[in-house]
Amino acid sequence: MAHHEFAMPVTEAQARALKVNDTVTLQGTLYGIRDATQIHLFDRGRSTRFDLRGHAVIHTAPNVKKVPKSAEHPAGYAPLCIGTTTSDRMERFTHPLMRRCGVRLIIGKGGLREGSLAAFGELGGAYLAIIGGTAALETTWVEAIEDVDLDDLNPESLWKFRVRGFGPLLVAMDSHGASLYSEVKRHALARRAEALASLGVKA
Amino acid sequence: MKVEPAQVETVARELYIRALKLLPPDVKQGFDALARRESDPGAQRVLGTMIANIGVAERTDNLLCQDTGIPIYNVAIGRGVEVDGHALKQAIRRGCERATREHPFRSSVVHPVTRANEHSSCGRGVPVIAVDFSDREETLEIEMIPKGSGSENNSFLRMAIPAEGVDAIKRFVVDCVLEAGGKTCPPTIVGVGVGGTADLCVHLAKVAATRPLGSQCDDPDGARLETELTRAVNLLGVGPQGLGGDATAFAVHVETAATHITMNPVAVNMQCHSARRARATFRPGGVEYGY
């Protein structure tokens with residue numbers, strides 16, 4: 001259970017070194033991405049001017065305030081509340097995000113499925129779990145919104161955040177085929193009969 | 001008592017913001033109870049982070065969760081209250097829109113086909129406004145619930161049949177909690193609707209999911225189911241965030257309604273751990289805010 005401090009971006013070797021139950025803290029750049037962002041990127045043929053190679057993306061659509069552009073707010077947005085959404089809806093985008101855009105790390109809540117786990121193994125990546133519903137805390141790790149692309153999709157734009165001490169995040173799926181979510185699900189299914197028996201119901 | 005639309009608009013605005021920032025005391029107590037009982041060290045850490053976040057939101061005057069949800073306003077009009085019902089609904093809508101634009105915060109509401117966002121938290125049929133009547137003298141209550149999508153996306157209805165009995169209800173609840181896993185942001189309040197028509201059954205599940213922790217179904221048969229199901233779902237080991245542990249649900253809440261002789265409907269609607277709720281009570285002396 002090692003801890004990793006990552007100054008983004010990272011290499012394939014760094015991503016492959018991660019194992020489930022390790023923890024990670026990010027410094028520097030983090031990209032925010034969501035359902036609509038990926039639908040437009042991968043289903044509707046749009047592209048981004050951002051270079052995501054080696055980077056981490058977080059499943060988010062932040063609360064922001066439009067402000068005049070300044071050194072403090074280079075994109076003209078002040079971050080108000082930045083949190084994390086359920087990853088499962090975006091399962092089918094993991095492979096193209098990694099293959100076409102070179103993303104290495106996906107941060108989200110609730111986990112991804114077998115297809116993503118295979119992509120982490122094939123291309124070298126990992127899923128980092130953040131605690132969903134703790135956005136007030138998460139916001140204190142974000143220094144600024146540095147840039148934004150595909151902003152017609154606001155709030156589901158492609159956001160470029162500058163972060164400091166973003167974590168600790170839990171490695172919940174790794175490139176070695178391990179997933180804490182599959183493990184918990186397997187155990188939960190094994191306990192289903194016990195739960196039903198406590199209700200006097202046959203499994 | 002006469003209630004003016006302008007006052008309702010101000011209150012509707014204030015309620016949305018309060019609900020997003022201040023977690024009700026019963027939910028905080030629920031967290032403390034889960035943390036005391038949790039035997040898994042990883043789950044302890046997850047619960048600790050959730051509890052820390054409540055304090056950070058209060059200290060920094062920030063939203064608890066980035067999901068501003070689908071806004072729901074439940075209105076209960078008591079006896080001796082004079083109010084223009086149509087104007088009241090319009091005032092709630094304006095208050096909801098003003099909260100979103102003036103605070104500001106994210107509008108999470110889009111058109112279901114075009115996906116266009118009006119950046120007002122409003123749209124066709126949204127905010128959801130449910131009006132009911134109560135027997136309280138000269139009292140009008142408005143409850144505001146920002147319903148997050150992580151939990152709402154895990155909503156289920158099964159039109160079971162009488163021959164399947166109450167076992168079908170119990171099995172369905174356990175399987176829904178299993179299916180939802182970490183996607184609902186557990187620990188959750190699992191709301192269960194039993195009986196009614198299909199739409200009433202789902203509505204009951206929502207009422208159950210958004211009821212304060214510590215409250216009980218006023219149908220003794222429903223209350224018994226609550227006790228049994230709360231114990232059962234917490235045997236599954238899904239845990240906070242679906243990462244394993246004892247604390248899968250704060251509680252299972254049940255609401256019941258009579259149903260047809262041929263029907264045995266059951267619905268599940270869940271509330272995430274950020275179980276947000278705010279309330280305003282209008283009385284002749286003024287408006288009081290609470291949960």
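This talk goes through a strand, a pair of helices, a single helix and a chain contact.

The model is predicted, and local features need pLDDT of at least 70, side-chain atom pairs count only at pLDDT 80 or more, while totals for chains, interfaces and linings use all residues. Residues are numbered from 1 along each chain as its sequence is written, and chains are lettered from A and ligands numbered from 1 in the order in which they are written.

I start with chain B. Helices (H or I, at least four residues) and strands (E, at least two) are DSSP runs, numbered from the N terminus. Strand β3 of chain B covers residues 140–147, and seven of its eight residues are buried. Buried means that 20 or more other C-beta atoms lie within 10 Å of the residue's own; exposed means 12 or fewer, partly exposed is in between, and C-beta atoms are placed from the backbone.

Which strands pair with β3(B)? Strand β1(B), residues 70–79, pairs with β3(B) in the antiparallel sense over eight bridges. Strand β8(B), residues 278–283, also runs antiparallel to β3(B), and five bridges join them. Pairing here requires at least two bridges found by DSSP. B:Tyr73 has B:Met144 in β3(B) as its bridge partner, and B:Glu141 stands opposite B:Thr281 in β8(B).

Next, two helices. The axes of α6(B), residues 165–180, and α8(B), residues 220–233, come within 10 Å and cross at roughly 35°. Axes are lines fitted to C-alpha atoms, for helices over the stretch in contact, and angles run from 0 to 180 degrees between N-to-C directions. On the α6(B) side, B:Lys170, B:Val173, B:Val174 and B:Val177 meet B:Leu229, B:Ala232 and B:Val233 of α8(B). Contact means C-beta atoms, placed from the backbone, within 7 Å.

Now chain A. In helix α4(A), residues 114–123, the buried residues are A:Ser116, A:Leu117, A:Ala119 and A:Phe120. Why are they on the same side of α4(A)? Because they cover an arc of only 160° around the axis, the arc being that of the directions from the helix axis to the C-beta atoms. A:Glu114, A:Gly115 and A:Glu122 are exposed on the other side of α4(A). After α4(A) comes A:Gly124, with a positive phi near 85°.

Last, the two chains together. 43 residues of chain A are in contact with 44 residues of chain B. On the side of chain A that touches chain B, α6(A) gives the most, with 13 residues.

Conventions. Contact = placed C-beta atoms within 7 Å.
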